[in-house]
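Hi everyone, thanks for making the time today. I'd like to walk you through a structure piece by piece, so please have a look at it with me.

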Amino acid sequence: MSEPRVDLAVDEPAGLGLPDVAAATARRRRSPARIPAALAGLVVALAVPLYVDAFWLQLGLFAFAGAVAALGLGLLLGQAGQLSLGHSFFVAVGAYGYTVLAAEGGTIGVSQQAGLALPPVVAAVLAVLLAGVAGLLFSPIAARLRGIYLGIASLGLVFVGLHVLFNAEPLTGGFNGRNVPGFTLPGLRFDSTSGEALYVLGVPFGREEKLWYLGLAITAGTYLYRRNLDRGRPGRALRAVRDHELVAGIMGVPVTRYKAYAFLISSMYAGLGGVLLALAFGRIVPETFGVALAVEYLVMVVIGGLATPAGAVAGAVFVACLPAVLERYAAVLPGLAPAGAQGVSPAVAARFVFGAAVVGLLLFEPGGVTAVGDRLRRGVRRALNRARGP
Amino acid sequence: MNTSGTDGDLALVVDAVTVRFAGVTALDGVSFAVAPAAVHAVIGPNGAGKSTLFNVVSGAYRPASGSVRFRGNELTRLRPHQIAGLGVARTFQNIALLASATVEENLLLGRHHLTRAGFITTALRWPMAPREERRDRARAAEIAAFVGLSDKLDAMAGALSYGDRKRVEVARALCMEPDLLLLDEPVAGMNAHETAVMAHLIRDIRETLLIPILLVEHDMGLVMGIADRVTVLDFGRRIADGPPEQVQRDPEVQRAYLGTGEEAS
Amino acid sequence: MTQFLQLLIGGVSLGAVYALLALGFVVVFKASGVINFAHPALLMVGAYVTARLTAAGDVPFTLALLAGVGAAVALSLAVQRLLVHPMAARSVIAVSIMTIGVDVIVQTEIIRRIGVDILPMGDPWQDSVVTVAGVTIPQTRLAALVVGVALIAAFFGWFKFSVWGVAMRAVAEDPETAALMGVRRARVSALAWVLAGLLAAVAGLFITVFPSPGLEPVTAAVALRAFPAAIVGGLDSTGGAVVGGLVIGVAEVMTQGYASELAFLGQGFHSVMPYVVMVLVLLVRPSGLFGTRELHRV
């Protein structure tokens, strides 16, 4: 074999070919409609549990769990440009971490199951930290790998993780999984217990209602955190690493350290998403945390918009809700067969939509749905200006 | 060449630097020194190793042997961001700006190593972060004015003319508050007018900031006009080093640029 | 000793199959600069068409196999022409993520059609074995070895000596000069994708015959092991792809064969072994065994 070729390009750009956050942010800051719109959205979100049934609330919780994880992946991929397909591994660390830390240890049926019986809040925080540590441990390997190698290496992480989940039965319950301990805040149980009914504005507040507010609060907090990061110095540095790694270093950005930060924060986000996911499911099995889930998060950020936090949330809501919505209305939608019958089931149809959306958006509008929204808004404004006349 | 610990009051010392890759010797024992507050040009035919030299100084390549010293620090042992932290700033031959960000955002990247707002302080909006940001934006505006780009701060960097983008690169390097400025072909591809503007700017920088400027260039007019000292490379080797008029008359230099048996006009 | 030899031969034959997969993957990467995450989908399509045709009853196996190869090649070419080529100016990561979308679409459809069935390939070897010097090898494994070696040898001969092979190497090495010398990069890319489809379909056959029960949704996960094989060898090294495939194949079969001794590593460890090997190699060689190394790491 001939002498290995060496890569000489110093100032060769990489990046994702994305319209940048900075410009979009600068434009949006000046739009006066932002704050009232955000407030309106918040009021709606707060009022939802008062009007909507448990099915939609449960779905909402899955959406929140996805949103938090997607916000993390968006930071890693959209801002730092690191294609990591291992996100579901860190989500699993969060989900199983919470479960093991919060569960009562002992014997269930014929098997021994570990549990530290910590207060759920403490367990959740520790699970997130655990996911962060895992991210930190992975980041030195990740930093040494060129972008594309990282994508495939991180796949390996998922498979190794799955293997551990299937085999470490005392911790994970193996193939059959484990029940997830209910969440409690000091003085407030989230799981419905008989004889203890909480009423707010005349509406009974059960498990789904309380978890909705928990999910909303966590999503809002993580959204704001990420948005502030993106707009400030860390976001600028990460985008420089994404678009021109060597140049970023020469400009003074400690590249390896920032990649490590990106991994740390995104895996903590993933871990937090994992905690919410565990609470949403009520019972977790290893099968959930495979490559399909990692691809799902990728689909979320691509559909919503890779570079912006709003995109991550929008994409998560879409991906979480579409299958359930299609299933609910399968009878009225043409071409869809009910589950079990021949033909295209709602779940399958949703996957087709996701795949096609990824291909289509990357071909034509890599900024995702939020960028499409931006373009529409600008188009409308231009049309209005023209209509107003000279 | 001075290889002891004291480089006197020389700003940058390149000492017997050799770079080899894939069987090619890009730089072969190159040595020269840059005096403080001087404009020092490195010239040579294509492929002579000029950009390689810059990459070694800014930390992108590690040489096979030799040393590069700046204010007592051995640069060849440092990572690029550490070299930036010492006050070494550079521009790039092929313009390395974020095309889809505004000019201001590009300039702010240059301030990175001077500020400290991190992943916690920025996200939680500790007072330090917005305060630093205000200072940074003010300074970036000042530098933009100095360079003549005040009216373009909010423009997308990718939408600017070639000449303007080159000036943004210089401005970004200046935002790093450098103690040594490396300019990689600052007037490449420019017409006479743009070249004159850039030459003027380089002189302004030297006079205002009093920092040493190392520049790589093809344009003889620019080099002879503003350089205090010139180093000539050919096939990775130094073939001349001295004041511009002296180098211009050097027969080795003429041969490298024009081939054997001909005299420079 | 017999067990070791048996495992070794099994590992080498599986490794040859992985090598075919990895080779197609690497050839596409070298020619288009793209990580084709839809590579497993090519394999699934080829195997599916072959299985359905042989099951239909009156289609001879060879014809069905050719049809499967044709289907995989057609899909591959369609992806290249319609999706990858228009995105030629975009970043590698963007195009690679796009192929993930393609993979989702194709795999969803194939898995929907397979359902809960396991589709046999209808191959001529079935579960017959061959015994040589006390070592028992399934005929399918022997066929995999022979075909794999033949295809790989043919590929390298073609790569080195034929006009198109040289053109492909030129494009991978120095696209601008190649273009100046009249090599049409788009044509070379298309050819690379055609090759990938061909190699994937052949690999798909040997992954789904004995001792595997047939084509089922989980076959895609086996196809995924092309990726660590390619990484181990170095993403832009065709020779590396073959070495990587062999390493992964031998490691997997050995781990499976000695599973009882390795019980502490957990059940089913052999299916994770390719990824473990990949991570270990990357720790020492971040660009794979034979991949292009980055010079400017300070």
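In chain B, 9 residues of domain 1 are in contact with 9 residues of domain 2. Do keep in mind, as we go along, that this is a predicted model. Which stretches of chain B belong to which domain? Domain 1 is put together from residues 1-87, 178-197 and 209-265, while domain 2 covers 95-177. Taken over C-alpha atoms, the centres of these two domains of chain B are 27 Å apart.

Let's look at the domain 1 side of that contact in chain B. Helix H2 of chain B, residues 80-85, gives the most to this side, with 3 residues. Sorted by class, the domain 1 side that touches domain 2 in chain B has 5 nonpolar, 3 polar and 1 charged residues.

Now for the sheets of chain B. A quick reminder: strands of a sheet pair through backbone hydrogen bonds, and they can do so in a parallel or an antiparallel way. One sheet in chain B is open, has 4 strands and runs in the order S2-S1-S4-S5, with antiparallel pairing. Which strands stand at its edges? They are S2 (24-34) and S5 (73-74) of chain B; each has a single partner strand, so one side of each is left without a neighbour in the sheet.

If you zoom in on strand S1 of chain B, residues 12-21, you'll find 7 bridges joining S1(B) to S2(B), and the two run antiparallel. As an example to click on, B:Phe21 has B:Val24 in S2(B) as its bridge partner. Helix H1 of chain B, residues 50-57, packs on this sheet and touches S1, S2 and strand S4 (65-70) of chain B. The direction of H1(B) makes about 65° with that of S2(B).

There is also an open sheet of 6 strands in chain B, in the order S6-S7-S8-S3-S9-S10, and here the pairing is mixed. Its edge strands are S6 (88-90) and S10 (237-242) of chain B, each pairing on one side only. From one strand to the next, the twist averages 15°. Strand S9 of chain B, residues 229-234, is joined to S10(B) by 5 bridges, and these two run antiparallel. Here B:Val230 has B:Gly242 in S10(B) as its bridge partner. H1(B) packs on this sheet too, touching S3 (39-43), S6, S7 (180-184), S8 (213-216) and S9 of chain B. The direction of H1(B) makes about 150° with that of S7(B).

Let's move over to chain A and its helices. Two packed helices are described by the angle between their axes and the distance between the axes. How do helix H3 (54-79) and helix H8 (207-231) of chain A cross? Their axes come within 9 Å and cross at roughly 20°. H3(A) and H8(A) are therefore roughly parallel to each other, and their crossing is left-handed. Among the residues making this contact are A:Leu61, A:Phe64 and A:Val68 of H3(A), with A:Trp212, A:Leu216 and A:Tyr223 on H8(A). By class, the contact of H3(A) with H8(A) has 13 nonpolar, 6 polar and 4 charged residues.

H3(A) also meets helix H13 of chain A, residues 309-328: the two axes come within 8 Å and cross at roughly 140°. This crossing of H3(A) and H13(A) is right-handed. The residues in this contact include A:Phe62, A:Gly66 and A:Ala70 in H3(A), and A:Gly315, A:Val319 and A:Cys321 in H13(A). How many charged residues does the contact of H3(A) with H13(A) have? There are none, alongside 15 nonpolar and 4 polar residues.

Next, the contact between chains. Chain A and chain C each bring 43 residues to it. On the chain A side, H6 (147-167) gives the most, with 12 residues. The chain A side divides into 30 nonpolar, 8 polar and 5 charged residues.

Finally, two backbone details. Most residues other than glycine have a negative phi, and most peptide bonds are trans. B:Ala37, in the loop between S2 and S3 of chain B, has a positive phi near 55°. The peptide bond from C:Phe210 to C:Pro211 is cis, with omega near 0°. You'll find C:Pro211 in the loop between helix H8 (185-208) and helix H9 (219-223) of chain C.

Technical notes:
Residues are numbered from 1 along each chain as its sequence is written. Chains are lettered from A and ligands numbered from 1 in the order in which they are written. This is a predicted model: local features need pLDDT of at least 70, side-chain atom pairs count only at pLDDT 80 or more; totals for chains, interfaces and linings use all residues. Two residues are in contact if their C-beta atoms, placed from the backbone, lie within 7 Å. Ala, Val, Leu, Ile, Met, Phe, Trp, Tyr, Cys and Pro count as nonpolar, Asp, Glu, Lys and Arg as charged, and the others, Gly among them, as polar. Axes are lines fitted to C-alpha atoms, for helices over the stretch in contact, and angles run from 0 to 180 degrees between N-to-C directions. Angles under 35 degrees count as roughly parallel, over 145 as roughly antiparallel, 65 to 115 as roughly perpendicular and the rest as oblique. A crossing is left-handed if the near helix is turned anticlockwise from the far one by less than a right angle, and right-handed if clockwise. Domain bounds come from an automatic or database domain assignment. Two strands pair if DSSP finds at least two bridges between them.
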